[in-house]
Amino acid sequence: MTVLYFFFFNDTATTEIYTLSLHDALPISEEKRVLEEKIVNVLKNIYDPEIPVSIYELGLIYEHKVDDDGKVKVVMTLTAPNCPVADVMPQQVKEEISYLTGVKNVEVEITFDPPWDQDMISDVAKLELGLM
């Protein structure tokens, strides 16, 4: 068993030591892991209409997470702020993920920080696009 020690120093010059066994850490539930895999599969099947590659492989998805209550948050970007699908794409992501069993709520946040560029495209997509 692995044990982690945390040392905290307070203003009275005493040291408090806390231990945490990695065994005590809550593992991700199988149900949550499967749901996260399904979310990735959904994202891999949503395509940018201008580029014949999924938004996942294009690197437009910055973050996706599921909490224990079935709430999903996706942080994504678009290829450009004036992208013609700026209104449609986030809504499609939200709708497609919301169809999954176990999902209670979906929040999609659009960000342009960092701005998207071709370096974010996966190697798989670069091969498909002839960029490698």
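Against which elements do the buried residues of α1 pack? In this predicted model, the buried residues of α1 pack against β3, β4 and α2.

## Overall layout

The secondary structure of the chain consists of three helices and five strands, and, read from the N terminus, these elements follow the order β-β-α-β-β-α-β-α. Of the 132 residues in the chain, 29% are buried. When contacts between residues at least 6 apart in sequence are taken together, 48% of them join residues at least 24 apart.

## Helix α1

Helix α1 has 14 residues, which at 1.5 Å a residue should span 20 Å, and the computed distance between its end C-alpha atoms, 20 Å, agrees with that expectation. The buried residues of this helix are L35, I39, V40, V42 and L43. Seen down the axis of α1, these buried residues fall within an arc of 160°, and therefore they line one face of the helix.

## The nonpolar core

The largest nonpolar core has 26 residues, and those with the most contacts inside it are I39, I55, V72, M76, V93 and I97. The elements that contribute two or more residues to this core are α1 (30–43), β3 (61–66), β4 (71–76) and α2 (88–98), with the largest share, four residues, coming from α1.

V93, one of the residues with the most contacts inside the core, can be followed in more detail. Once its neighbours within four places in sequence are left aside, V93 is in contact with L43, I46, I55, V74, M76 and V108.

A cis peptide bond, with omega about 5°, joins D113 and P114. P114 is found in the loop between β5 (105–110) and α3.

Helix α3 covers residues 123–129 and includes K126. K126 is buried yet has no salt bridge, and the nearest side chain of opposite charge, that of D123, is 4.5 Å away; a salt bridge would call for a side-chain nitrogen of Lys or Arg within 4 Å of a carboxyl oxygen of Asp or Glu. Leaving aside its neighbours within four places in sequence, K126 is in contact with Q118, D119, I121, L131 and M132.

Conventions: Residues numbered from 1 in each chain as written. Predicted model: local features only at pLDDT ≥ 70, side-chain atom pairs only at ≥ 80, totals over all residues. Heavy atoms only, no water. Buried < 20%, exposed > 50% of the residue type's maximum accessible area, 1.4 Å probe, protein only. Lys, Arg positive; Asp, Glu negative; His and termini not counted. Contact = heavy atoms within 4.5 Å. Core = buried A, V, L, I, M, F, W, Y, C linked by side-chain atoms within 4.5 Å. Expected span 1.5 Å × (residues − 1). Arc of directions from axis to C-beta.
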